[in-house]
Amino acid sequence: MIITEMSRAECMALLSAQRVGRLGCSLSGQPYVVPITFALEGNHLYSFSLTGQKIDWMRVNPLVCVQADEF
């Protein structure tokens with residue numbers, strides 16, 4: 001497999017075409033990855049969640065990543 005960097009346009013196209021992925025958070029060097037559903041609107045990615053570990057961690061460290069699952 002050859003891994004290449006995606007352009008912003010490629011990222012936006014992928015995110016707009018998908019609805020399921022993984023949210024990665026980190027706190028004190030500890031990773032936490034959870035499945036999510038999401039929607040892209042303009043430059044914003046939206047997801048719904050109840051209060052819990054990922055919300056608590058994102059409030060402390062808002063630097064997160066999203067992996068989109070393409071089926």
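Visitor: In this predicted model, does Y32 count as buried, partly exposed or exposed?
Guide: The relative accessibility of Y32 is 25%. Buried would need a value under 20%, and exposed one over 50%. Y32 therefore counts as partly exposed.

Visitor: And W57, buried or exposed?
Guide: W57 has a relative accessibility of 13%. The cut-off for buried is under 20%, so W57 counts as buried.

Visitor: How many aromatic pairs are there, and is the pair of Y32 and W57 stacked, edge-to-face or tilted?
Guide: The count comes to one aromatic pair. The ring centres of Y32 and W57 lie 5.5 Å apart, with 55 degrees between the planes. Stacked needs under 30 degrees and edge-to-face over 60, so this pair is tilted.

Visitor: How many residues apart in sequence are the parts that the pair ties together?
Guide: Y32 belongs to strand β2, residues 30-37. W57 belongs to helix α2, residues 53-60. The pair therefore ties together parts whose separation in sequence is 25 residues.

Visitor: Which element gives the largest share of the lining of the largest pocket?
Guide: This pocket holds about 160 Å³ of space. Its lining consists of R8, C11, M12, L15, L40, N43, H44 and L45. At least two lining residues come from each of α1 (8-17) and β4 (44-46). The largest share, four residues, is supplied by α1.

Visitor: How many residues of that lining are nonpolar, polar and charged?
Guide: Arg counts as charged, whereas Leu, Met and Cys count as nonpolar. R8 is among the lining residues, as are C11, M12 and L15. By class, the lining of the largest pocket has five nonpolar, two polar and one charged residues.

Definitions and conventions:
Residues numbered from 1 in each chain as written. Predicted model: local features only at pLDDT ≥ 70, side-chain atom pairs only at ≥ 80, totals over all residues. Heavy atoms only, no water. Phe/Tyr/Trp six-rings, centres within 6.5 Å; stacked < 30°, edge-to-face > 60°. Buried < 20%, exposed > 50% of the residue type's maximum accessible area, 1.4 Å probe, protein only. 1 Å grid on protein atoms, 1.4 Å probe; cavity = no way out; pocket = protein on both sides within 12 Å on 5 of 7 lines; lining within 4 Å. Points joined across faces, edges and corners; volume = space filled by probe spheres on them.
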